[in-house]
Amino acid sequence: MNTTAKLGLKTARDEVLIMTLQGHILEQQARYPQASGTFSWILSALSISAKIIADKVRRARLENVLGSVGTENVQGEMQQKLDVLANEVLLGTLGGREGVAIVASEENEEPVILREDGEGIPRYCVLFDPLDGSSNLDVCGGVGTIFSILAHNGRAARAQDSLLQPGFKQVAAGYVLYGSSTVFVLTIGKGVDMFVLDPGIGAFMRVERHLTIPDGNKTYSVNEGNRKTFPDGFQRYLDWAQSNGYSSRYAGAMVADVHRILLKGGVFLYPATKKAPEGKLRLMYEANPMAMIIEQAGGKAFAAPGQRVMDIQPTAIHQRTPVILGATDQVALVLAHLEKT
Ligand code: P6P
């Protein structure tokens, strides 16, 4: 079977089509004749970063880079060696891109200001969690990179204030899942597209376009170890779900759980808990990018009833938020139980 048939890629005219992530980026850029290419260069930096990180993740035990470095990050979480490596890879690739004004990382307390505005070059802010769920590494569980891209506001009083934009201002968002295969999921605001790394040729191959989350999947994803400290409405929802034939799936890495929901449906929950009264997940580089992906795929993403994640006006780079996201039908069922008095 030849490559194109194997990939099973079809155009609307039922032609077989091979499209790489790089080709997809250029194809999207071609829709904007006035585009300078700086945005495309940022996406290509994320693509090469994903390939480098994937290689390091898959060789981690062989090269003895598993385990922690013995220091904590700004979140107070033990840094894994690969957290630091992945962060350095992203800083190194994005730092060389003319269009990047500022980068902000879960691993860095302060944003890195690379370039001031000017010379008419459109510039962007890139925020990322370099290796989400890295505690899964030692046990070969799914881990991922999450990224969010905002247009740089050169008129902000302080450069870093340009980062404090609500999620609906994102110009692109996505993630890389280092799982049984390496998957790159991307939205630039016109639907969600999915790419899989072909290690044989070192390219991300487009395998899905305009993904939509299926309704009807009776699956919830939550760390039930925290259940006793969830707000009452979540207790009511879990009691209802467990009495109505729901399954539970939880990977302990947001990228892995959200990717399952993107493809199969269901709902992901990280409520406020006694240990994390504001929620655990970070708004700017976990909740917002995942919310953009989920909404672009026809789903919903809320922090609480009536509080859409992407409407939250951030006040701090590393602020946290509760998260309820997934298929529209399943999110609605959770919200209905939260709103009951
Ligand atoms: P818990 C990983 O540390 C992470 O930030 C997300 O990827 C994941 O969804 C969540 O925290 C897991 O947290 O408390 O269930 O281990």
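Modeller: A residue is called buried under 20% relative accessible area, exposed over 50% and partly exposed in between, using a 1.4 Å probe and protein chains only. This is a predicted model, where local features need pLDDT of at least 70, side-chain atom pairs count only at pLDDT 80 or more, and totals for chains, interfaces and linings use all residues. Residues are numbered from 1 along each chain as its sequence is written, and side-chain values use heavy atoms, with hydrogens and water left out.

Biologist: Are Phe39 and Tyr124 buried or exposed?

Modeller: Both Phe39 and Tyr124 are buried.

Biologist: What kind of aromatic pair do Phe39 and Tyr124 form?

Modeller: The pair is tilted, at 5.4 Å centre to centre with 50° between the planes. Rings of Phe, Tyr and Trp (its six-membered ring) pair if their centres lie within 6.5 Å; planes under 30 degrees apart count as stacked, over 60 as edge-to-face and the rest as tilted.

Biologist: Where in the chain do Phe39 and Tyr124 lie?

Modeller: Phe39 belongs to helix 3 (residues 38-58) and Tyr124 to strand 5 (residues 124-132), 85 residues apart. Helices (H or I, at least four residues) and strands (E, at least two) are DSSP runs, numbered from the N terminus.

Biologist: How many aromatic pairs does the whole structure hold?

Modeller: A search finds 8 aromatic pairs.

Biologist: On to helix 8. Which of its residues are buried?

Modeller: In helix 8 the buried residues are Gln330, Val331, Val334, Leu335, His337 and Leu338.

Biologist: What do the buried residues of helix 8 pack against?

Modeller: They pack against helix 5 (232-242), strand 13 (267-270), strand 15 (300-304) and strand 18 (323-326), where contact means heavy atoms within 4.5 Å.
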